[in-house]
Amino acid sequence: MVTVLRRAGAGEGAPAVPHLSHSSWELAARFDRELGDPGDPATVFSYQEAVRLDDAEEFPDEACAALDAWGLADYYVPADYGGVLTGFEDLQQLIRMLARRDLTVAVGHGKTFLGSVSVWVSGDHAAAVRLGALVKAGARVSLGLTERTHGSDIMAGELTAEPVGPGYRVNGEKWLINNATRGRLLSLLARTSPVGGPRGFTLLLLDKEELPEETYRCLPKVPTHGIRGADISGVVIQDAVVGPEAVVGGAGGGAELLLKSLQLTRTLCPSLSLGAADHALRLAMEFASERVLYGRRLTELPLTRRTLAEAYADLLVCEALSTVATRSIHALPSELSVTSAVAKYLVPTIIDGQVASLGSLLGARSFLSGEFAHGSFQKVARDHRIVGIFDGNTLVNQYSLVAQFRSLARNYLGPLDHRPRLGTLFNLSRPLPPFDPERLTLLSRYGSSVLGTLPASVTRLADAALLDPALGGAARCAAELRVAADALHRRIARRMETVAAASPESFTDARKYGLCFAGAACLGLWLHSHREAEAGGTGGLWQDGLWLEAVLNRLLARLEARPAAGAAEDPLFERLYTQLTQQYQDGSLFSLLPCPIAEGPPSC
């Protein structure tokens, strides 16, 4: 029997879910089904209720309580510490499905993972078991990282922890912290050396229930443009004495531990963008299917179909990149300093553009509240803009790539014998190894093995196109991508500037590096997974390299390697639009793999 979370007094019922080809997508479909139809105002997670809470700037308490009852918090805790998390693809898909309904809920509930992850990475088994029990019981955990006058410059933090006997006396303020007020536990990066520096910070885990009330106070909620109901606030701590058990990862190791932990959260943040992209595209499809202009439905206009198909392609490239990045947590953790930076800046950036493009299709209704779909589009557009800021903004992540330019160029242009075999990473039918936090590094010693596969992938696709001419378009795009990637790496190899004096051109090249990386990820995913995927429910997307050719077209346009737009009735995007329409009419997630959604097919 299906359990559906509903508002008080509502009835029951849910659509059936067919078997899926991937366990994480199957889990996501079950989760979405059990959250109930978001089109039904009686459900806890309805689109209408999300807009109402947003208008009132009210925290979604009822939704978060329902998620606790469902057991979502169990997926924030690794199985070794009492939870159920064994693969990060599961968590990625769960957050994605939640975000497609309401980003405020996804952020408000999911931030507990951000606050906890450093404990999981630290290797302190006893501390992790204790925290795991609290998280499973519903305790919210916040990360106190940023400060009012320092923003993203975490090494300038002024909150201090001075040694007092075996413990510390904590003083200072952390500000713009998600769930700072509602959270029970706080992970705080504290300065433990007056001179600061890489070994001058320690990560502390504080439990408010164990602190005297006079030692801390929560700051007022900060009004925000998006995710209006979220608890974005801060905390002031004054003379709070904590014991040695509050230290996470050892004294002086806070900065390194935190930076490694952020590689995980930055990799998973794009799941928020994928959910927002699905919601925005679904609203645009609904509007275009119903709207009549000059005696014709909008979907009968070639330019409308091209706009929708390009938005679909943008979602698919982000899904492919996010999937490879998330699998890298298990298969290639030593290179997450590169992979996470690319995923975290590129996916939210592309989806911001996708939402803006779809907004132009809706016109005034993309701004109005209550006029179309309860005003859901203007909410998702506002909400999503915050995703690019979480866990390091776009410039922070591009800066991380600039800092590794020499290694990235040297290892792309140099010998290949050090690169691992990546069949496990790219083949969605193959199981992943367990995550090993000890393999995380601050910088990737061997650059990017994912991008390093590009030359061989281009050759492999070209050989396949000789046998199957239908792959010719994708093969030509791949060849153009390699030309752009080769030129990029030769260019960054010549850069002699220091990171502190990085030029604007370096940030432009960091952006282009991310696009080349995404292209290599898409190629690897298609080459290693297409045979099994073609036999599944989304086989039409994979056959003849359809989605691959479309997303490579979009990436090449962003690389300025080909025109940004062609004819409205381009046969490639017309074929892609057919697949988009099929998923919309079938009531499926807009995805490379089959995943039915709770609301089912659109009503006629």
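This is a predicted model: local features need pLDDT of at least 70, side-chain atom pairs count only at pLDDT 80 or more; totals for chains, interfaces and linings use all residues.
# Reading helix packing and individual residues

Colleague: At what angle do H10 and H11 pack, and how far apart are their axes?

Modeller: H10 spans residues 336-362 and H11 spans residues 376-384, and the two helices pack at an angle of about 155° with their axes 10 Å apart. Angles over 145 degrees count as roughly antiparallel, and H10 and H11 are therefore roughly antiparallel to each other. As for handedness, the crossing in which H10 passes H11 is left-handed.

Colleague: Which residues make up the corresponding contact of H1 with H4?

Modeller: H1 contributes Ser24, Trp25, Leu27, Ala28, Phe31, Asp32 and Leu35, while Glu89, Asp90, Gln93, Leu94, Arg96, Met97 and Leu98 come from H4. By class, the contact of H1 with H4 has eight nonpolar, two polar and four charged residues. The geometry can be read in the manner used above: H1 (residues 23-35) and H4 (residues 88-99) pack at an angle of about 35°, with their axes 9 Å apart, and H1 passes H4 in a right-handed crossing.

Colleague: Where is arginine 495 placed, and with which side chain does its own side chain make a polar contact?

Modeller: Arginine 495 is placed in the loop between helix H17 (472-493) and helix H18 (504-534), and its side chain makes a polar contact of 2.5 Å with the side chain of aspartate 509. The relative accessible area of arginine 495 is 18%, and the residue is therefore buried. Beyond the neighbours within four places in sequence, the contacts of arginine 495 are with Phe405, Arg406, Ser503, Glu505, Ser506 and Asp509.

Colleague: How should I read backbone angles, and what is the phi of leucine 176?

Modeller: As a general idea, most residues other than glycine have a negative phi. In this structure, leucine 176 has a positive phi of about 60° although it is not a glycine. Leucine 176 is found in strand E3 (residues 167-178) and, at 41% relative accessibility, counts as partly exposed. Histidine 374, which is not a glycine either, has a positive phi of about 65°; this residue lies in the loop between H10 and H11, and with a relative accessible area of 36% histidine 374 is partly exposed.

Colleague: Separation in sequence and separation in space can be read side by side, so how far apart in space are proline 166 and glycine 243?

Modeller: Proline 166 and glycine 243 are 77 residues apart in sequence, and their C-alpha atoms are 6.5 Å apart in space. Proline 166 is found in the loop between strand E2 (160-164) and E3, where it is exposed, with a relative accessible area of 68%. Another pair is glycine 250 and threonine 202, which are 48 residues apart in sequence and 7.2 Å apart in space, C-alpha to C-alpha. Glycine 250 lies in the loop between strand E8 (247-248) and helix H7 (254-268), and its 31% relative accessibility makes it partly exposed.

Colleague: What are the two separations for proline 220 and leucine 262?

Modeller: Proline 220 and leucine 262 are 42 residues apart in sequence and 26 Å apart in space, C-alpha to C-alpha. Proline 220 is found in the loop between strand E6 (216-219) and strand E7 (232-242), and with a relative accessible area of 63% proline 220 is exposed. Not counting residues up to four places away in sequence, proline 220 touches Ile232 and Ser233.

Definitions and conventions
Residues are numbered from 1 along each chain as its sequence is written. Side-chain values use heavy atoms; hydrogens and water are left out. Axes are lines fitted to C-alpha atoms, for helices over the stretch in contact, and angles run from 0 to 180 degrees between N-to-C directions. Helices (H or I, at least four residues) and strands (E, at least two) are DSSP runs, numbered from the N terminus. Angles under 35 degrees count as roughly parallel, over 145 as roughly antiparallel, 65 to 115 as roughly perpendicular and the rest as oblique. A crossing is left-handed if the near helix is turned anticlockwise from the far one by less than a right angle, and right-handed if clockwise. Contact means heavy atoms within 4.5 Å. Ala, Val, Leu, Ile, Met, Phe, Trp, Tyr, Cys and Pro count as nonpolar, Asp, Glu, Lys and Arg as charged, and the others, Gly among them, as polar. Buried means under 20% relative accessible area, exposed over 50%, partly exposed in between (1.4 Å probe, protein chains only). A polar contact is a pair of N or O atoms within 3.5 Å; within protein, one must be able to donate a hydrogen and the other to accept it, and residues adjacent in sequence count only if both atoms are side-chain atoms.
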